[in-house]
Amino acid sequence: GTGEFVVALDGVGTQTGELVFYVTGSSARQTEASKGKPTDATIAAIVDVLEYRGDVVYRKGHVED
């Protein structure tokens, strides 16, 4: 992430602190939650696990010690 904020319509019911994928442009208006709504960004998925080069770098609900 770049540390910048994006205001997006929530199409999947996210909770505070969850890592998400979002879509922009015309794709942002093609979900059931956003059809016909004037949005430039829509959250499309909640990330459960993120791997980078074979290593798990994020796991939903996992807190590092």
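Two strands count as paired if DSSP finds at least two bridges between them. Strands themselves are DSSP runs of E with at least two residues, and helices are runs of H or I with at least four, both numbered from the N terminus. With those terms in hand, let's walk through this chain.

The model is predicted, so to speak of a local feature we need pLDDT of at least 70, and side-chain atom pairs count only at pLDDT 80 or more, while totals for chains, interfaces and linings use all residues. Residues are numbered from 1 along each chain as its sequence is written, and side-chain values use heavy atoms, leaving out hydrogens and water.

**Overall build**

The protein chain has five strands and zero helices. Its radius of gyration (taken over C-alpha atoms) is 14 Å, well over the 11 Å from the globule rule (2.2 Å times the number of residues to the power 0.38) for 65 residues, so the chain is more spread out than a compact globule. Along its principal axes, the C-alpha trace spans about 45 × 20 × 20 Å.

**Strands and their partners**

Three strands form an open sheet in the order β1-β3-β2, with mixed pairing. β1 (9-10) and β2 (20-24) are the edge strands, each with a single partner, so one side of each has no neighbour in the sheet.

| Pair | Bridges | Facing residues |
|---|---|---|
| β2 and β3 (residues 41-46) | five | Val-23 and Thr-42 |
| β4 (residues 49-52) and β5 (residues 55-59) | four | Leu-50 and Tyr-58 |

β4 and β5 form a hairpin with two residues between them. Arg-53, in the loop between these strands, has a positive phi of about 55° although it is not a glycine. Most residues other than glycine have a negative phi. At 72% relative accessibility, Arg-53 counts as exposed (over 50%).

**A link across the chain**

How many salt bridges does a search of the whole structure find? There is one, where a salt bridge means a side-chain nitrogen of Lys or Arg within 4 Å of a carboxyl oxygen of Asp or Glu. The side chains of Lys-60 and Glu-18 form this contact at 3.0 Å, N to O. The pair joins distant parts of the chain, with Lys-60 in the segment after β5 and Glu-18 in the loop between β1 and β2, 42 residues apart.

Methods. Buried means under 20% relative accessible area, exposed over 50%, partly exposed in between (1.4 Å probe, protein chains only).
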